[in-house]
Amino acid sequence: MTDPARAFDELADEEARARLLTCLDVPRWAEQVVAGRPYADWSRLEAAMRSAALTITDEELAGALARHPRIGERADAVRHEAAHSEREQAGVDRADEDLAAALLEGNRAYEERFGQVFIIRAAGRDGPEILDQLRRRLGHTGEQERTETVEQLLQIALLRAKSLDRCP
């Protein structure tokens, strides 16, 4: 398999930007990452993505969060990156009614406390683990939660970026 950074380096700027925005919907972040090309290997691309994420503004954060469905809910193809979200949340058993109710309650409490959707890199995690993380994060201060939210968005972006060479 080709290193995703090499495939990314070969894309036209417009296509590279568009693919990055499916990873993290922050245009300034995507511009900064595209402008840093060529990367030649994954570690350099990852470092650039991390560096660009350090300066995400509150407005950019709100825009990026709007592209993600609530944990446990189906993605809306118009508003969310549905294919990514469905695949990433595959470990959440939607048929488990107790889990679904607990996630719904947790999502509501989180949104009430922090005024935004709860985001977590769901890929590789099951529903109970996600619920535990949601409950843990309800104890954060606003500043702690903002930091963790950006980190979770970045983890999602990095995971998605590894498949940039296979995106349509």
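Here are a few exercises on this predicted model, each with a worked solution.

Residue numbers start from 1 along each chain as its sequence is written. Since we're on a prediction, local features need pLDDT of at least 70, side-chain atom pairs count only at pLDDT 80 or more, totals for chains, interfaces and linings use all residues, and side-chain values rest on heavy atoms, with hydrogens and water left out.

**Exercise 1: the overall picture**

Task: Work out how many helices and strands the protein has, and what share of its residues is buried.

Solution: 
- Start with the elements: there are 9 helices and 0 strands, where helices (H or I, at least four residues) and strands (E, at least two) are DSSP runs numbered from the N terminus.
- Written from the N terminus on, that gives α-α-α-α-α-α-α-α-α.
- Next, burial: 45% of the 168 residues count as buried. Buried means under 20% relative accessible area, exposed over 50%, and partly exposed in between (1.4 Å probe, protein chains only).
- Finally, take the contacts with a separation of 6 or more: 66% of them are between residues 24 or more positions apart. A contact here means heavy atoms within 4.5 Å.

**Exercise 2: helix 7 against helix 8**

Task: Describe how helix 7 and helix 8 pack, and say which residues meet.

Solution: 
- For helix 7 (residues 97-114) and helix 8 (residues 127-137), the angle is about 25° and the axes are 10 Å apart. The axes are lines fitted to C-alpha atoms, for helices over the stretch in contact, and angles run from 0 to 180 degrees between N-to-C directions.
- That makes helix 7 roughly parallel to helix 8; the cut-offs are under 35 degrees for roughly parallel, over 145 for roughly antiparallel, 65 to 115 for roughly perpendicular, and oblique for the rest.
- The crossing of the two is left-handed, meaning that the near helix is turned anticlockwise from the far one by less than a right angle (clockwise would be right-handed).
- On the helix 7 side sit Leu99, Ala102, Leu103, Gly106, Asn107, Tyr110 and Phe114; they meet Gly127, Pro128, Ile130, Leu131, Leu134, Arg135 and Arg137 of helix 8.
- Sort the residues of this contact by class and you get 9 nonpolar, 3 polar and 2 charged. Ala, Val, Leu, Ile, Met, Phe, Trp, Tyr, Cys and Pro count as nonpolar, Asp, Glu, Lys and Arg as charged, and the others, Gly among them, as polar.
- Not counting residues up to four places away in sequence, Asn107 touches Arg70, Ile71, Phe118 and Leu134.

**Exercise 3: the two sides of helix 4**

Task: Describe how helix 4 packs with helix 3 and with helix 9.

Solution: 
- Take helix 3 to begin with: its axis lies 9 Å from that of helix 4, at an angle of about 145°, and the crossing is right-handed.
- Arg28, Trp29, Gln32 and Val33 of helix 3 make this contact with Leu45, Ala48, Met49, Ser51, Ala52 and Ala53 of helix 4. By class that's 7 nonpolar, 2 polar and 1 charged.
- Now helix 9 (residues 142-161): the axes of helix 4 and helix 9 come within 11 Å and cross at roughly 150°. So helix 4 is roughly antiparallel to helix 9, and this crossing is right-handed.
- Helix 4 brings Trp42, Glu46, Met49, Arg50 and Ala53, while helix 9 brings Val150, Glu151, Leu154, Ala157, Leu158 and Ala161. The classes come out as 8 nonpolar, no polar and 3 charged.

**Exercise 4: aromatic pairs**

Task: Find how many aromatic pairs the structure holds, and explain why Phe8 and Tyr39 count as stacked.

Solution: 
- There are 3 aromatic pairs. Rings of Phe, Tyr and Trp (its six-membered ring) pair if their centres lie within 6.5 Å; planes under 30 degrees apart are stacked, over 60 edge-to-face, and the rest tilted.
- Phe8 and Tyr39 have ring centres 6.4 Å apart and planes at 25°, so they are stacked.
- Phe8 lies in helix 1 (residues 4-10) and Tyr39 in the loop between helix 3 (27-35) and helix 4 (42-53), so the pair ties together parts that are 31 residues apart in sequence. Both residues are buried.
- Tyr110 and Phe114 form a tilted pair, 4.9 Å centre to centre with 50° between the planes. They lie 4 residues apart in helix 7, about one turn of the helix.
- Ring pairs link Tyr110, Phe114 and Phe118 into a cluster.
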